[in-house]
Every structure is written in structure tokens, then in C-alpha cells.
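Hello,

Here is the structure I promised to pass on to you. Please open it alongside this note, and my findings come after it.

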Amino acid sequence: MPPQSSSHTPDDDRQVIRISPLALIACIFLLFCMSFPVLGWPAAFGWMLVIPFLVGAWVLRVRTTVTPEGLELRRAFSSQSISWDQIKGFRFPKRGWARADLVDGTEVSLPTVTFGRLPQLASASGGRVTDPYAAAHEAERAKARSESAATEVSTDTEPNTD
């Protein structure tokens with residue numbers, strides 16, 4: 001049974017989790033900063049102008065696509081597809097990207113997937129991954145319903161003081 005959707009869960013079957021394109025602004029700033037040593041001594045520091053473009057290409061390329069069939073991982077120099085049958089579970093370290101534990105005992109890093117992206121992962125997984133935000137939202141709703149039912153019962157049972 002798929003988890004209940006929450007306000008954090010998108011409705012699309014296929015989710016692309018990537019680095020924000022706003023990171024390209026940092027690449028432009030890096031290019032600006034690198035230009036000073038290059039203009040000062042082009043023969044020694046000219047090669048440094050390649051760095052902002054490499055970082056920009058990395059920002060545009062790295063992503064994890066979650067589909068009902070599995071995960072498609074794109075890294076800087078490689079791509080990999082993993083079906084849901086091969087995945088045993090997920091691990092979210094304090095720092096870095098999430099890791100998928102595979103049935104064969106290996107572990108695969110999921111580019112750009114962090115704990116905050118878990119609702120997107122849950123939405124596109126077709127119920128294979130549960131969304132903790134949806135469970136918390138449903139618990140809050142159930143608590144509010146029980147509190148409102150309790151207040152209705154207490155107002156109905158109060159004696160008439162007229």
C-alpha cells in the first residue's frame with residue numbers, strides 16, 4: 001500500500017533529483033575570482049579558467065532519477081540503473097548523499113539525494129519507500145480529529161444550567 005501523500009510530496013511518477021541550477025551562479029562567481037590570478041600571470045594560472053566550467057558541467061550532469069521501475073544514477077563520468085528488486089534499503093549518513101544497500105551486499109551512493117529529498121523518493125517509488133513526513137502529517141490529523149471529537153462529547157454532556 002503506498003504511503004499517504006503530504007504537502008511535501010509531488011504528484012509525478014518520475015522524479016528527477018538534481019543540484020539546483022542556482023549553483024551555476026557560484027560557478028560564475030568562481031570564474032570571476034579565478035580571473036584575477038589569470039590576468040596577473042596568464043602563463044602560470046591560465047589553466048585555472050577550466051575549473052569553473054568543470055564545476056558547472058558537474059552541476060548540470062549529476063542527478064538521480066526515481067521511477068516506478070528503479071533508480072537511474074548519473075554521476076560526473078558514469079551512469080547506472082538499479083531496479084527496485086536489487087535494493088534492500090537506504091541509509092542516510094549525517095554528511096553526504098544517501099546510500100542504497102543492494103541485495104548483493106554492496107552499497108551505492110545516490111547523487112544529490114539527502115534526507116530532505118525523501119518525499120520525492122517516496123512519491124516516485126510507488127510505495128516501496130515510505131514518506132516519514134506523510135506519516136507525521138497523518139498522525140497530526142488523527143490527533144486533531146480525536147481532540148475535536150472529545151470536545152464535542154464534553155459539550156454535549158454538560159448539564160443545562162438554565
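Below are some words on the conventions, then the core, the aromatic pairs and a surface patch.

This is a predicted model, so local features need pLDDT of at least 70 and side-chain atom pairs count only at pLDDT 80 or more, while totals for chains, interfaces and linings use all residues. Residues are numbered from 1 along each chain as its sequence is written, and side-chain values use heavy atoms, with hydrogens and water left out.

Let me start with the inside. A nonpolar core here is a set of buried Ala, Val, Leu, Ile, Met, Phe, Trp, Tyr and Cys residues joined through side-chain atoms within 4.5 Å. Buried means under 20% relative accessible area, exposed over 50%, and partly exposed in between (1.4 Å probe, protein chains only). The largest such core has 18 residues, and Val 66, Leu 71, Ile 87 and Leu 110 touch the most other members. At least two core residues come from each of β3 (70-74), β6 (99-102) and α4 (118-124), with α4 giving the largest share, 4 residues. Helices (H or I, at least four residues) and strands (E, at least two) are DSSP runs, numbered from the N terminus. Beyond its neighbours within four places in sequence, Val 66 has contacts (heavy atoms within 4.5 Å) that include Leu 71, Trp 84 and Leu 121.

Now the aromatics. Rings of Phe, Tyr and Trp (its six-membered ring) pair if their centres lie within 6.5 Å; planes under 30 degrees apart are stacked, over 60 edge-to-face, and the rest tilted. That rule gives 6 aromatic pairs. In one of them, Phe 32 and Phe 36 have ring centres 5.1 Å apart and planes at 80°, so the pair is edge-to-face. These two are 4 residues apart in helix α1, and therefore separated by about one helical turn. Phe 32 counts as partly exposed because its relative accessibility is 48%, and Phe 36, at 52%, counts as exposed. Trp 84 and Phe 90 are also edge-to-face, with centres 6.4 Å apart and planes at 75°; Trp 84 is buried at 8%, whereas Phe 90 is partly exposed at 24%. Phe 92, Phe 115 and Tyr 133 form one aromatic cluster.

Best wishes
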